Amino acid sequence: MKKFLLFTFILFAFAANAQDENEDQNETPPDGWTSEGKFQLLFNQSAFNAEWTGGGTSSMAANLVLDYNLNYRKGNFTWDNKFLANYGLTKLKADEFTRKTSDRLEINSILGKQMEDSNWYYSFFTNFRTQFSKGYVYSEDPETGQPTRRETTHFISPAYLQFGPGMMWKKNEDFWVNLAPATARFIFVDPEFTSVPGYVDGSYYGVDTNKSTRFELGASLSSYFKYEVMTNVTMEHNLSLYSNYLDHPENIDIDYLLNLDMGINKYLSANFIFQAIYDDNIVGAFQVREVFGAGFTYTF
């Protein structure tokens, strides 16, 4: 419950700020299709020669980001679509394996029918999330001392598909909140992970032994907020909350993503990503990642 209150506070905090930040942006966009996208290739690198005495390990990292929006409006009908792809790798000089720093593929789609003379919409949303490549747990062979790794995830394992009707409050394309009180969610996994000897029901993303899917029915709240902090510095907030009516509804799944984009010029920028996830079907604690880099940006 404390986690739920914390993230609800965050949601309403930036919602309150949005009222002031976006007062002059509440104009109805024209009918038809609109689109915008951004491609970023970010780099981090550190190097030390053999004579360096201060300690440190040479490393190199790269992160690829694609963010694309495709929206449609016709009268009081809207259809907003967002495609997110994020993939990053890092290599330490002394490490045998290249490791991932980020891996996310997500598609969001919301249909809306606006209520007359208001910011409220009847809505139907769909969300799909997975990852691009294999994930590993790294350890060390107790006999040889050599580094080892064990595959734990890959493409479509896990994958999440959720959808449902609801109500959306939408000030503009850059600020909206959607509540869907009857949301169906499917979790897909490779049965290879649930059929190992000694597997315990639900220990791999909540899926039972020898199964490849888990069905949940619950309430979903999702929100998006984007604003300019200062000239050429843009911040985005994505927040998703989910409560499963069928199993421990008091355990709220949380997925919060912050993206801070700092433009240097037309083609160069720095980018900071922060993500916090809580899902007790995976681990009973917050998963947190941070990625920072500078590199090439192309807007289309």
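Close-up 1. Leu-111 is partly exposed, because its relative accessible area is 33%. The model shown in this and the following views is predicted. Leu-111 belongs to strand E4, which covers residues 99–114. On the surface, Leu-111 is part of a nonpolar patch that also includes Trp-33, Leu-70, Phe-77, Trp-79 and Phe-124. Together the residues of this patch have about 530 Å² of accessible area. A residue must have over 30% relative accessible area and no salt bridge to be counted in a patch, and the 33% of Leu-111 is the value to set against that cut-off.

Close-up 2. The loop between E4 and strand E5 (120–130) contains Asp-117. Phi of Asp-117 is near 55°, which is a positive value in a residue other than glycine. Asp-117 has a relative accessible area of 76% and is therefore exposed.

**Close-up 3. The loop between strands E7 and E8.** Two residues are picked out in this view. Ile-156 sits in the loop between E7 and E8, and Pro-158 is found in the loop between strand E7 (147–153) and strand E8 (159–172). Although Ile-156 is not a glycine, its phi is positive, at about 65°. The relative accessible area of Ile-156 is 32%, so this residue is partly exposed. The peptide bond that leads from Ser-157 to Pro-158 is cis, and its omega is near 10°.

Close-up 4. The structure holds one cavity of 30 Å³ or more. The volume of the largest cavity is about 160 Å³. Its lining is made of 13 residues, and those nearest the centre are Val-65, Leu-84, Asn-86, Leu-257 and Asn-259. Strand E2 (59–74), strand E3 (77–92), strand E11 (233–244) and strand E12 (253–263) are the elements that give two or more residues to this lining. By class, the residues of the lining of the largest cavity are six nonpolar, three polar and four charged.

**Close-up 5. The second largest pocket.** A volume of about 410 Å³ is found for the second largest pocket. This pocket is lined by 20 residues, of which Lys-38, Lys-226, Thr-234, Asp-261 and Thr-299 are the closest to its centre. At least two lining residues come from each of strand E1 (32–46), E2, strand E10 (213–230), E11, E12, strand E13 (268–279) and strand E14 (283–299). The lining of the second largest pocket divides into two nonpolar, ten polar and eight charged residues.

**Close-up 6. The salt bridge between Asp-261 and Lys-38.** The structure holds 15 salt bridges, and one of them joins Asp-261 to Lys-38, with 4.0 Å between the closest N and O atoms. Because Asp-261 lies in strand E12 and Lys-38 in strand E1, the pair ties together parts that are 223 residues apart in sequence. Asp-261 and Lys-38 are both buried.

**Close-up 7. The salt bridge between Lys-170 and Glu-173.** Lys-170 and Glu-173 form a salt bridge whose closest N and O atoms are 3.4 Å apart. What is the relative accessibility of Lys-170? It is 4%, so Lys-170 counts as buried. Glu-173 has a relative accessible area of 31% and is therefore partly exposed.

Close-up 8. In the salt bridge between Asp-253 and Arg-185, the closest N and O atoms are 2.5 Å apart. Asp-253 is in strand E12 and Arg-185 in strand E9 (residues 175–188), and the pair links distant parts of the chain, 68 residues apart. The relative accessibility of Asp-253 is 9%, so Asp-253 counts as buried. Arg-185 also counts as buried, because its relative accessibility is 3%. A network of salt bridges links Arg-185, Arg-214, Glu-216, Asp-247 and Asp-253.

How values were computed. Residues are numbered from 1 along each chain as its sequence is written. This is a predicted model: local features need pLDDT of at least 70, side-chain atom pairs count only at pLDDT 80 or more; totals for chains, interfaces and linings use all residues. Side-chain values use heavy atoms; hydrogens and water are left out. Patches are made of residues with over 30% relative accessible area and no salt bridge: like charges are joined within 9 Å, nonpolar side chains (Val, Leu, Ile, Met, Phe, Trp, Tyr) within 5 Å. Accessible areas come from the Shrake-Rupley method with a 1.4 Å probe; for residues, only the protein chains shown count as cover. A salt bridge is a side-chain nitrogen of Lys or Arg within 4 Å of a carboxyl oxygen of Asp or Glu. Helices (H or I, at least four residues) and strands (E, at least two) are DSSP runs, numbered from the N terminus. Buried means under 20% relative accessible area, exposed over 50%, partly exposed in between (1.4 Å probe, protein chains only). On a 1 Å grid over the protein atoms alone, a cavity is a set of points where a 1.4 Å probe fits but cannot get out, and a pocket is an open set with protein on both sides within 12 Å along at least five of seven lines; lining residues have an atom within 4 Å of a point. Grid points are joined across faces, edges and corners, and a volume is the space filled by probe spheres set on the points. Ala, Val, Leu, Ile, Met, Phe, Trp, Tyr, Cys and Pro count as nonpolar, Asp, Glu, Lys and Arg as charged, and the others, Gly among them, as polar.
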